[in-house]
Each structure stands twice: as C-alpha cells, then as structure tokens.
Amino acid sequence: QVQLEESGGGLVQAGGSLRLSCVASGSISRVNTMSWYRQAPGKERELVANIRGNGDTYYANSVKGRFTISRENAQNTVYLQMNNLKPEDTAVYYCNADIIQRSSLYAKNSWGQGTQVTVSS
C-alpha cells in the first residue's frame, strides 16, 4: 500500500504565498509523474501542474508564472510553491502520483486527501 500526504495549506491574503508539500510513503519502487490538482466549490477538479520523473513540467495557464512545481526524488516528495495568490486560487488542493510499488511492475495512480487553500481579498 502507498499513501500520499499533503501539507502546507492555509489562509492567506491576496498577493501572499504558500508552499504545499506531498510525501509518498509505503512500499515504493519508483514514483513517476507527480501532480497537483485543485477543486473549488461547485467546480470540477482541475490539473494545476505536474512534473515527470525526468523533471519536465506542465502548468495550467491560470497559474503560469505564479506557481512552481518541484520534486525531491530521493524523498518521494513533490512541492508546489504558490506566489501572488488570488482569491480564485481558493480550493482544495490534491496531490496525485503514479507509483510503482515494489510488488508490481505497473504504476498505480494514487490521490492524497487534499489540503485547503483559502485566499482572502
């Protein structure tokens, strides 16, 4: 079994910054793509950013230039540095990862429980 645990959410004023962290734990052989999604009230979950094992990144247009995704492979950890936050960034942020367990040859997609980010105007 593997688990993803997020941390770093909270309440911040517009223009402020937060850093989210997500650690994958369990019987892990390798972690491939790691992603951050978010879901605002009444809206569908959307991809915010992801980072592949080779370091290639993708960002949603709405966060380009403000958010930075990074990872520490040795720690099975992914970060999301969020700067110049806006009220429309308010959402529950979820960590997602494709994880190959030691007992398997195939990657399994896993989700964290989510962490609330609230940006006040």
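Two residues are taken to be in contact when heavy atoms of theirs lie within 4.5 Å. On that basis, among contacts in the protein chain between residues at least 6 apart in sequence, 57% join residues at least 24 apart. The model is a predicted one, in which local features need pLDDT of at least 70 and side-chain atom pairs count only at pLDDT 80 or more, while totals for chains, interfaces and linings use all residues. Residues are numbered from 1 along each chain as its sequence is written, and side-chain values use heavy atoms, with hydrogens and water left out.

The protein chain contains zero helices and 11 strands, where helices (H or I, at least four residues) and strands (E, at least two) are DSSP runs numbered from the N terminus. The order of elements from the N terminus is accordingly β-β-β-β-β-β-β-β-β-β-β. The C-alpha trace spans about 50 × 25 × 25 Å along its principal axes. For 121 residues, a compact globule would have a radius of gyration near 14 Å, and the 14 Å of the protein chain agrees with this; the radius is taken over C-alpha atoms, and the globule rule is 2.2 Å times the number of residues to the power 0.38.

Of the 121 residues, 41% are buried. Buried denotes under 20% relative accessible area, exposed over 50%, and partly exposed the range in between (1.4 Å probe, protein chains only). The protein chain exposes about 6,600 Å², of which carbon and sulfur atoms supply 43%; accessible areas come from the Shrake-Rupley method with a 1.4 Å probe, and for residues only the protein chains shown count as cover. The mean positions of the 12 positive and 9 negative charges are 4 Å apart. Lys and Arg count as positive and Asp and Glu as negative, without His and the chain ends, and each charge is placed at NZ of Lys, CZ of Arg, CG of Asp or CD of Glu.

Two aromatic pairs are present in the structure. Rings of Phe, Tyr and Trp (its six-membered ring) pair if their centres lie within 6.5 Å; planes under 30 degrees apart count as stacked, over 60 as edge-to-face and the rest as tilted. The ring centres of Tyr-94 and Trp-111 are 6.4 Å apart and the planes stand at 85°, so this pair is edge-to-face. Because Tyr-94 lies in strand β9 (residues 91–101) and Trp-111 in strand β10 (residues 107–111), the pair ties together parts that are 17 residues apart in sequence. Tyr-94 is buried, at a relative accessible area of 14%, whereas Trp-111 is partly exposed, at 36%. Ring pairs link these two residues and Tyr-37 into a cluster.

Ser-35 belongs to strand β4 (residues 28–39) and is buried, at 4% relative accessibility. In strand β7 (residues 67–72), Ser-70 is partly exposed, at 29% relative accessibility. Not counting residues up to four places away in sequence, Ser-70 touches Ile-51, Thr-77, Val-78 and Tyr-79.

Positive phi values occur in loops. Asn-76, in the loop between β7 and β8 (77–82), has phi near 50°, a positive value in a residue other than glycine. For Asn-84, phi is likewise near 50°; this residue is in the loop between β8 and β9 and is partly exposed, at 42% relative accessibility.
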